[in-house]
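Please keep the sequence and the 3D view at hand while reading.

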Amino acid sequence: MSEALAVVETAGTDTTVPAVSGARQFWRRLRAQRAALVAAAVVALLVLVALAAPLLTALEGQDPTTYHPALIDSARGGVPLGSFGGVSAEHWLGVEPQTGRDMFARLVYGARVSLGVSLGATVVQVAVGIAMGVAAGLGNRWVDLVLSRITDIFVSMPLMIMALALLAIVPNTFPRPVLVALIIALVAGWSTMAKMVRAQTLTLKNLDYVAAARLSGWKTWRIAVRELLPGLAAPGITYAALLIPSNISAEAALSFLGVGVKPPTPSWGQMLTSADVWYQAAPQYLLLPAAALFVTVFALTVLGDGVRVALDPRAASRLRVGTGRRRENRARAAVPENALPEKALPVKSLPEKEGPA
Amino acid sequence: MNGFTGFVLRRVIGAVVTLFALSVIIYVVFYVTPGNVAQITCGPRCSPAQVHQVAQQLHLDDPLYVRYGHFLQGIFAGQDYSTGTSVEHCAAPCLGQSYQTGRQVTDVIWTKLPVSVSLVLGAMVIWLVLGIGTGVLSAWRRGRFTERALTAVTLAGTATPVFVIGLVLMIVVCGELRLLPFPQYVNLTDDPEQWAWNLLLPWLSLALIEAAGFARLTRASMLETLAEDHIRTFRAYGVGERAIIVRHALRGATASVIALNAVTVGSAVGGAVLTETLFGLPGIGQELVHAVKVVDLPVVVGMVLVTGFFVVLANALADVLYAVADRRVVLA
């Protein structure tokens, strides 16, 4: 209803200010991209699986860490017994070579690690990136110089190398998934975010409404929170959406190299470490984590791309979604009392008015 | 021209400053860790006497800046090490010595570098051809089925971790089809043909992943040029579509492609960790993974510094190359 009112108010003017709220427009534009919709559904399913991991494994009656030595052929080096890598009613996707741990349970719990670590890392990256970027953008010359230099150094830091090296020196007592998330977050990702936020802050800072806030004596902190953060939302969300899949890849890569998440915690990357040895005896040991990783990263990338398009006015204009104003107009035109004053007045009522006068 | 020289100079100074800061950060992070640094550096099997000797060589009793000074001195002027029985000289770019293997870090890097460089340069040829080709094709066939298909493929390329593609390639090509033997590194100088055959799969896996980025960049940059007014003017004059694509749109994309290539090569020399580990190539990345697992600190620090050096160098080079290709940058 309020939307319709807003449309009426702005109908005559030439402003480009959308009458529809930002969030609704975002949904409209995201919905218009079929690929992004499918990707969103896949991501939602994955999140659901990760959240319901204990439930799903309880349904199967297994857990990810119990060894089943009876299910593997120790004479042949630990190849799972039975067809298709030990697939059975008890073990839906078979068992892991050498240990006999349940594949389904490890795969499902692996989703928790993958999504958890990448989300955690993304939150840290966004927080640090925004803090550094806004501080550099609002601070004086020296603050800006120092913070920008630090950011530049981190931009040119080789992610894999630094993460690997750091994992070597941190004591093992630290909870591993948290450590992996922190290292991924602090080594990479935040720096490009900070650069983008700084540039955006410098642009926003000189806009009238921020200047007005400054002139009314607002504190820098309050300006940053109340005036700048809303303006940073669109690029920030876009960037965060693209960071999530790359963080998942980073976690998988580190675990693949054997320095990320450590057993017995299951991780997709870690499963692939020795998959090439077992692919003939237990092909699903290679295919399942590889497929899970690919589908997850691909879906998140497509979704991230969709989010980017939906939040970028230039790219979104190609979607031909519009603000919904046209449809509102059409609906309004169909209603007689609204249609009358606009169309009928100038043509028909003028002579009538002239008559009596 | 003065503006250009100044630009290059500023960029070089910036790179030097970044390198210096990077070295400080790396030194502090790794040699000021909580715990007994000498013990960690020396390795778990060191005797107390050996640990004491390492502590002396790292000048652990001195304040931090003096220690860092010694470290820098090693890099620029070389350093002498006492191994207990004799004095060993470590020549100019000295990054220290591995106490676990007794080898000098610089030597380790020199023996591993050719493998990584072989991998990256070979892959580079493939990713450039594949990436630019795909980008041109999808810009040319914009709005059609070809473009949609190519866009989906490149998106899948950016989304696939390199070790997944590599694993699948290796298992299909070497395991199932038996078209190639499982890769084993052969020196270029020993047997160029075997060198190429054995590196073919690693090249392909690395290149397939990187090509996606080049395809997207080429396409985006070409589409931007194609949307400009002067292109419409050319069309109106009757210039053929092929000439417009090659002579104008593609040329417009070269600057950014060159820049991206410099950055990608720079980060790939160290960043090919995954490819090297997967295919068992004895390059810098594989050595680093090994050093990390056995906590061979001097090797880790040396590798991080060298790979960081490559990245910083590549970034500076990318900016300069970009400016050479597109002089407007200098003014900004």
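## A charged group in chain B

B:Arg142 is partly exposed, with a relative accessible area of 31%; buried means under 20%, exposed over 50% and partly exposed in between, with a 1.4 Å probe and protein chains only. The model is predicted, so local features need pLDDT of at least 70 and side-chain atom pairs count only at pLDDT 80 or more, while totals for chains, interfaces and linings use all residues. Residues are numbered from 1 along each chain as its sequence is written, chains are lettered from A and ligands numbered from 1 in the order in which they are written, and side-chain values use heavy atoms, with hydrogens and water left out.

B:Arg142 forms a salt bridge with B:Glu241, and their closest N and O atoms are 3.4 Å apart. This pair ties together parts that are 99 residues apart in sequence, because B:Arg142 lies in the loop between helix H5 (105-140) and helix H6 (145-159) of chain B, and B:Glu241 in helix H10 (residues 241-271) of chain B. A salt bridge is a side-chain nitrogen of Lys or Arg within 4 Å of a carboxyl oxygen of Asp or Glu. Helices are DSSP runs (H or I, at least four residues), numbered from the N terminus. B:Glu241 also forms a salt bridge with B:Arg235, with the closest N and O atoms 3.1 Å apart. B:Glu241 is partly exposed at 28% relative accessibility, and B:Arg235 is partly exposed at 33%.

## Salt bridges in chain A

Over all chains, the structure holds eleven salt bridges. One joins the side chains of A:Arg308 and A:Asp305 (3.3 Å, N to O). Both residues lie in helix H14 of chain A, three residues apart, which is about one turn of the helix. A:Arg308 is partly exposed, with a relative accessible area of 31%, whereas A:Asp305 is buried at 18%. A network of salt bridges links A:Arg149, A:Asp152 and A:Lys195.

## Two helices of chain A

Two packed helices are described by the angle between their axes and the distance between the axes. The axes of helix H5 (residues 103-138) and helix H14 (residues 283-311) of chain A come within 11 Å and cross at roughly 30 degrees. H5(A) is therefore roughly parallel to H14(A), a term for angles under 35 degrees.

## A separation in chain B

B:Leu64 lies in helix H4 (residues 64-77) of chain B. B:Leu64 and B:Ala139 are 75 residues apart in sequence and 55 Å apart in space, C-alpha to C-alpha.

Notes
Axes fitted to C-alpha atoms, helices over the stretch in contact; angles between N-to-C directions. Parallel < 35°, antiparallel > 145°, perpendicular 65-115°, else oblique.
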